[in-house]
Protein chains: 2
Amino acid sequence: MDALPVIGIDVGGTKTLAAVVNRRGEVAEDITHPTDVSSQDALLAGLDKIVDDLREGRGIAALGFGVPSRVDQRSGRAVASVNIPLADVDFRDRMRERHGLPVGIENDANAATIGEWHAGAARGAQNVVMLTLGTGVGGGLILDGRPFRGTTGVGAELGHVVIGLDGPPCSCGGHGHLESYAAGPVADRAARELYGEGSGGRDLVERGSKGEPEAVEALAAIGRALGAGIASFVNVFEPEIVVIGGGFGTAGELLLGPAREVLAREGLEPARDTVRIMEAELGSYAGVIGAGMIAFEALDAE
Amino acid sequence: MDALPVIGIDVGGTKTLAAVVNRRGEVAEDITHPTDVSSQDALLAGLDKIVDDLREGRGIAALGFGVPSRVDQRSGRAVASVNIPLADVDFRDRMRERHGLPVGIENDANAATIGEWHAGAARGAQNVVMLTLGTGVGGGLILDGRPFRGTTGVGAELGHVVIGLDGPPCSCGGHGHLESYAAGPVADRAARELYGEGSGGRDLVERGSKGEPEAVEALAAIGRALGAGIASFVNVFEPEIVVIGGGFGTAGELLLGPAREVLAREGLEPARDTVRIMEAELGSYAGVIGAGMIAFEALDAE
């Protein structure tokens with residue numbers, strides 16, 4: 001079985017990316033489908049069809065799923081989800097029975113982290129912090145050379161550390177969380193204030209890239225908050241690398257430059273000087289490659 | 001060798017506690033000496049004498065040291081210290097040569113965490129966050145059933161997460177770190193403001209225990225900041241238990257009550273509901289018992 005590839009499936013709120021992946025994290029074939037979010041049954045049936053299509057005429061050793069969900073790793077249960085109708089499902093058991101293969105399941109931010117660690121920016125590192133800046137701020141951790149998931153699997157919610165006491169409301173109901181300062185919607189709001197309704201974070205990044213001072217400063221303010229979060233994680237984990245991914249993470253140095261300045265001020269020696277802050281390398285493939293690695297993990301655990 | 005006990009030594013800025021400890025974390029005999037901080041040579045000679053005295057007439061399998069220092073675990077080097085003259089020393093090698101025994105060395109906050117995990121409040125847990133509230137805020141982590149130390153050993157500086165953007169200055173040069181809101185000196189300052197020069201955190205806790213409203217509220221404000229830090233760690237680690245120790249940690253529920261209220265608001269489900277927030281059990285013995293466990297770790301690695 002060892003030479004056979006696996007299928008990794010990254011389930012998003014609008015589309016699902018699935019790929020045939022080998023142990024080195026190389027993608028042989030991949031397909032993208034709209035995610036059917038009309039119901040849980042429709043969602044699961046859609047995933048079954050994707051797997052069946054990719055398996056056709058090919059030996060597959062295991063399946064790995066990255067889902068925008070709270071996952072209980074003890075049972076393989078998807079407890080609750082963001083943007084997709086998946087809740088209180090014995091996902092791992094259901095998929096194992098339906099497809100007759102070992103199945104791994106993982107929160108999507110954790111999957112992206114595992115992908116960047118196996119095949120992207122964090123290759124070879126023992127301690128990795130990953131932040132994905134999108135609609136929210138997702139996080140993942142590799143600690144002492146292993147993915148860290150918390151006691152039942154809901155760990156590494158790095159977007160929900162408090163960086164501003166009594167700060168702005170967070171999507172989770174909290175206040176002053178990293179997500180409420182550094183997620184994509186913060187850039188959208190800044191863009192609307194500067195350029196009127198209809199503008200968004202994409203405009204802000206585009207104008208910032210051209211050097212427009214207002215846009216540069218708006219992104220720098222977000223970058224400084226991001227830097228406070230990064231400094232916190234650097235002080236806690238002394239990681240070799242912090243990887244910044246996600247759609248809004250592509251703002252790159254417009255965020256990371258100011259973030260590094262704050263890290264220099266708030267980080268402890270020697271960790272602040274030895275850590276590398278890098279952009280993710282795998283882009284939208286991080287999750288699906290990570291899901292593939294989770295499939296191999298499930299295979300090896302059989 | 002396996003039945004022999006070890007010696008754990010907890011080196012503090014004013015006194016050093018050393019104890020003969022067995023594998024279960026039980027203390028057979030302990031001694032306390034003033035720490036000689038007149039010079040590095042005097043400090044090391046004082047530690048040698050403590051070890052020699054405790055070894056006399058008894059079989060000892062290994063030595064473990066908890067030091068208020070930044071420790072490079074790759075080399076066993078004490079890189080820099082707080083309150084004691086110990087810097088740029090090959091501590092582990094030096095002690096191993098001098099005493100002819102396996103030697104472990106660990107930052108004191110990590111040692112206290114390991115002590116509480118083996119023999120105190122966090123017994124049997126797989127994921128533990130410990131915060132020690134004293135002159136500063138120290139931290140330690142047990143993750144997936146193992147002490148977590150970061151890439152070179154300087155990890156788990158939990159007192160230096162940013163919880164207040166552009167907040168008050170921290171002893172480390174940063175701003176708005178947990179330590180700058182929740183360490184003992186913050187209580188000292190509040191006491192002086194309320195009761196005049198000469199008052200301190202001890203008075204504040206004493207008055208708070210009697211229910212004096214001003215003292216209760218001053219401690220509650222510190223507790224709420226502590227709660228923001230705890231919520232951050234709960235969201236990141238999904239730990240089974242958060243242990244609060246250190247001299248100022250004995251303020252107990254005066255801090256922990258308000259901290260729990262903030263955790264309920266800022267923590268994510270299910271972690272915020274499943275985690276237990278507890279006071280340390282071993283008091284001033286946590287560090288020396290942890291140092292003993294580090295000695296066994298060094299012995300087992302030989």
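Q: Is A:Phe237 buried or exposed?
A: Buried: A:Phe237 has 0% relative accessibility. Buried here means under 20% relative accessible area, exposed over 50%, and partly exposed in between, with a 1.4 Å probe and protein chains only.

Q: Before I go on, what sort of model is this, and how are things numbered?
A: It's a predicted model, where local features need pLDDT of at least 70 and side-chain atom pairs count only at pLDDT 80 or more, while totals for chains, interfaces and linings use all residues. Residues are numbered from 1 along each chain as its sequence is written, chains are lettered from A and ligands numbered from 1 in the order in which they are written, and side-chain values use heavy atoms, leaving out hydrogens and water.

Q: OK. Which ring pairs with A:Phe237?
A: B:Phe148 does: the centres are 6.0 Å apart and the planes sit at 70°, so that's edge-to-face. For the cut-offs, rings of Phe, Tyr and Trp (its six-membered ring) pair if their centres lie within 6.5 Å; planes under 30 degrees apart count as stacked, over 60 as edge-to-face and the rest as tilted. The pair crosses between chains, from helix 7 (residues 213-237) of chain A to strand 10 (residues 146-148) of chain B. Helices (H or I, at least four residues) and strands (E, at least two) are DSSP runs, numbered from the N terminus.

Q: And B:Phe148, buried or exposed?
A: Buried, at 1% relative accessibility.

Q: How many aromatic pairs turn up over all chains?
A: Five, from a search of the whole structure. One of them joins A:Phe148 and B:Phe237, again with centres 6.0 Å apart and planes at 70°, so it is edge-to-face. A:Phe148 is buried at 2%, and B:Phe237 is buried at 1%.

Q: Which residues make up the aromatic cluster?
A: A:Phe148, A:Phe237, B:Phe148 and B:Phe237 form one cluster.

Q: How many residues does the contact take from each chain?
A: 46 from chain B and 46 from chain A, where contact means heavy atoms within 4.5 Å. About 3,600 Å² is buried between the chains, 55% of it from carbon and sulfur atoms. Buried area is the accessible area (1.4 Å probe) that two parts lose on being put together, summed over both.

Q: Which three residues of chain B supply more of that than any other three?
A: B:Leu165, B:Val236 and B:Glu238, with 17% of the area that chain B buries against chain A.

Q: What does B:Val162 touch?
A: Leaving out residues up to four places away in sequence, its contacts include A:Val162, A:Ile163, A:Ala228 and B:His175. B:Val162 is buried, at 3%, and lies in the loop between strand 10 and helix 4 (178-182) of chain B.
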